[in-house]
Amino acid sequence: MRKRMIAGNWKMNKTYGEGIVLAQGLADELSGGTGDVDVVVCPPTVDLKGVSEVIAQASAPFALGAQNVYWEESGAYTGETAPDMLEAVGATHCIIGHSERRGYFGETDEDVNKKTRALMAHGIVPISCCGEPLEVREAGTHVAYVVDQIKRDTEGLEVDDPSAYVIAYEPIWAIGTGKTATADDAQEVCGAIRQTLVEVFGAEAADGIRILYGGSAKPGNVAGFLEKQDVDGALVGGASLAADSFAAMVKAAMA
Ligand SMILES: O=C[C@H](O)COP(=O)(O)O
């Protein structure tokens with residue numbers, strides 16, 4: 001049985017002080033616990049340490065995730081962050097391959113593959129994103145597009161603990177647009193991702209890997225996605241920027 005996961009991607013929002021306030025608000029909202037749901041918040045890099053302290057001080061029932069990582073251990077890579085730097089501030093998860101990083105910063109499937117290996121070597125859970133642009137969806141080739149992405153992103157990988165590797169399917173046309181995929185749209189692609197994971201890792205591992213949906217997910221629509229067989233949670237952007245809406249999504253996942 002896969003444990004549901006609700007992950008919040010703050011993207012490039014919230015200064016240090018604002019991040020502390022949001023994390024504290026979320027700790028208050030979720031003080032009753034999150035039941036059998038894994039909750040992760042992914043603030044900007046400079047906010048990680050502060051949010052980590054809020055989690056520790058408030059015994060908050062959520063984990064800390066980063067939004068990016070570099071695969072080298074250290075060295076002359078200006079502006080980058082190594083896996084052990086994330087570990088040192090308490091990050092246990094890390095988003096990689098988000099379409100915004102792919103689109104604006106040229107991140108490739110090869111990069112995603114290297115980042116996955118680096119994170120896994122440090123025991124940090126990758127939340128590895130995939131998803132098709134609008135023109136691919138309109139051409140009706142979205143399933144093949146995402147399956148190819150998954151095959152490249154996972155090439156040569158070994159997954160010892162399926163619960164420590166997470167995929168997020170985010171159709172690019174649904175991100176921050178208010179235009180949501182239907183739950184059936186999500187299931188179509190998430191089902192194909194699961195099938196691909198069976199081919200890549202075998203049935204047992206594939207059955208334990210969580211697949212999240214992301215793209216204008218909100219308190220009002222998240223339950224519909226979670227009803228689907230191969231959708232195990234949500235990667236939330238805009239609705240994770242307010243404690244009450246994000247907490248409402250966690251509570252919907254607990255129901
Ligand atoms: O990482 C999160 C996704 O890009 C979804 O963002 P959104 O919920 O604002 O559409």
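Strand β7 (residues 210-214) runs parallel to β8, and three bridges join the two; strands count as paired if DSSP finds at least two bridges between them, and helices (H or I, at least four residues) and strands (E, at least two) are DSSP runs numbered from the N terminus. The model is a predicted one, in which local features need pLDDT of at least 70 and side-chain atom pairs count only at pLDDT 80 or more, while totals for chains, interfaces and linings use all residues. Residues are numbered from 1 along each chain as its sequence is written.

Strand β1 (residues 4-9) also pairs with β8 in the parallel sense, and one bridge partner for each pairing is tabulated here.

| Residue | Bridge partner in β8 |
|---|---|
| Leu-212 | Gly-233 |
| Gly-8 | Val-236 |

Strand β8 (residues 233-236) is covered on both faces, with Gly-233 and Leu-235 buried on one side and Ala-234 and Val-236 buried on the other, where buried means that 20 or more other C-beta atoms, placed from the backbone, lie within 10 Å of the residue's own. In a regular strand the side chains alternate between the two faces of the sheet.

In helix α11 (residues 243-254), the buried residues include Phe-246, Met-249 and Val-250. The buried residues of α11 pack against β1, α1 (16-29), β2 (37-42), α10 (222-226) and β8, contact being taken as C-beta atoms, placed from the backbone, within 7 Å.

How values were computed:
A residue is buried if 20 or more other C-beta atoms lie within 10 Å of its own, exposed if 12 or fewer, and partly exposed in between; C-beta atoms are placed from the backbone. Two residues are in contact if their C-beta atoms, placed from the backbone, lie within 7 Å.
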